[in-house]
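Good morning, and thank you for making time for this presentation. I shall go through selected local features of one structure, so please keep the sequence and the coordinates in view.

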Amino acid sequence: MSKANGNAHRKKSSKPYNERTDLEKLQSQWTKLSGLHLREEPSAAIVRCATAAEIAANYAIRTEWARKTEFDDTIVDMFLRWANGLPLKVTRLFVPIYFATPDESQIGKALKASAEKINTVRNAVVHQGAFSNPEEAEAVIADAKTFINTIVGLSIENFDIEVAAQEWQASRKSEGGE
């Protein structure tokens with residue numbers, strides 16, 4: 001069975017994924033996640049929402065480190081690779097630099113707990129081959145949405161990933177993109 005033209009119906013994106021900003025990647029991931037969830041592919045939706053949450057953390061870390069340090073992008077990228085994974089990025093790179101008293105911050109504690117929860121479910125799918133059901137996917141997507149809106153919302157007032165993804169998708173269509 002050949003799928004040579006399996007994606008021929010899709011329009012070419014105007015900007016390659018690896019050239020997009022973290023926010024553009026985040027919006028793209030959320031858009032893809034919505035499609036997977038609607039097609040009842042819960043395990044894939046869980047992986048996609050965990051990826052979106054990690055990209056949101058990358059955005060927040062880059063934003064805060066640019067504000068509070070003099071490290072260049074290369075060094076920050078090295079730290080992001082070193083932290084490797086949502087919980088470590090939040091615990092080691094974001095919360096300590098964003099919050100004056102990290103151990104006392106309710107938002108910091110909530111971000112750490114949420115990152116751990118999202119990552120645990122993602123790892124069960126990716127590393128243990130677990131199959132998810134729609135209810136579990138819905139719960140993790142809700143957790144990821146709250147995490148994303150909170151962590152990005154600390155630097156972009158009233159950020160809402162669903163609104164941002166819809167706006168991004170509309171702009172892509174008007175540009176003749178995906």
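**The second largest pocket**

The second largest pocket holds about 210 Å³ of space. Twelve residues line this pocket, and those closest to its centre are W30, L33, S34, I141 and E162. Please bear in mind throughout that we are looking at a predicted model.

Where does the lining come from? Helix 1 (22–38), helix 6 (134–153) and helix 7 (161–174) are the elements that each give two or more residues to the lining of the second largest pocket. Helix 1 supplies the largest share of that lining, namely five residues. Sorted by class, the lining comprises five nonpolar, four polar and three charged residues.

**Aromatic pairs**

I turn now to the aromatic rings. A pair of aromatic rings is described by the distance of the centres and the angle of the planes. There are six aromatic pairs in the structure. One of them joins F94 and Y98, whose rings are stacked, with 5.2 Å from centre to centre and 20° between the planes.

F99 itself counts as buried, with 10% relative accessibility.

Y98 has a further neighbour to consider. K68 lies over the face of the Y98 ring, at 5.4 Å from the ring centre. Elsewhere, W65, F71 and F79 form one aromatic cluster.

Next, the backbone. Most residues other than glycine have a negative phi, and most peptide bonds are trans.

N84 is not a glycine, yet has a positive phi of about 45°. N84 is located in the loop between helix 3 (73–83) and helix 4. Is N84 buried or exposed? At 60% relative accessibility, N84 counts as exposed.

The second case is N158, another residue other than glycine with a positive phi, in this instance near 60°. The loop between helix 6 and helix 7 contains N158. With a relative accessible area of 70%, N158 is exposed.

**Y59 and its contacts**

My last topic is Y59, which belongs to helix 2 (residues 42–68). Y59 counts as buried, at 15% relative accessibility. Which residues does Y59 touch, not counting residues up to four places away in sequence? With those set aside, the contacts of Y59 are D22, L23, V152, S155 and I156.

Of these contacts, V152 deserves a separate remark. Y59 and V152 are 93 residues apart along the chain, while their C-alpha atoms are separated by 7.3 Å.

To link this with the opening topic, D22 and L23 fall within the range 22–38 of helix 1, and V152 within the range 134–153 of helix 6. Both helices are among the elements that give two or more residues to the lining of the second largest pocket.

Note on methods:
Residues are numbered from 1 along each chain as its sequence is written. This is a predicted model: local features need pLDDT of at least 70, side-chain atom pairs count only at pLDDT 80 or more; totals for chains, interfaces and linings use all residues. Side-chain values use heavy atoms; hydrogens and water are left out. Rings of Phe, Tyr and Trp (its six-membered ring) pair if their centres lie within 6.5 Å; planes under 30 degrees apart count as stacked, over 60 as edge-to-face and the rest as tilted. Buried means under 20% relative accessible area, exposed over 50%, partly exposed in between (1.4 Å probe, protein chains only). A charge sits over a ring if NZ of Lys or CZ of Arg is within 6 Å of the ring centre and within 35 degrees of the ring normal. On a 1 Å grid over the protein atoms alone, a cavity is a set of points where a 1.4 Å probe fits but cannot get out, and a pocket is an open set with protein on both sides within 12 Å along at least five of seven lines; lining residues have an atom within 4 Å of a point. Grid points are joined across faces, edges and corners, and a volume is the space filled by probe spheres set on the points. Helices (H or I, at least four residues) and strands (E, at least two) are DSSP runs, numbered from the N terminus. Ala, Val, Leu, Ile, Met, Phe, Trp, Tyr, Cys and Pro count as nonpolar, Asp, Glu, Lys and Arg as charged, and the others, Gly among them, as polar. Contact means heavy atoms within 4.5 Å.
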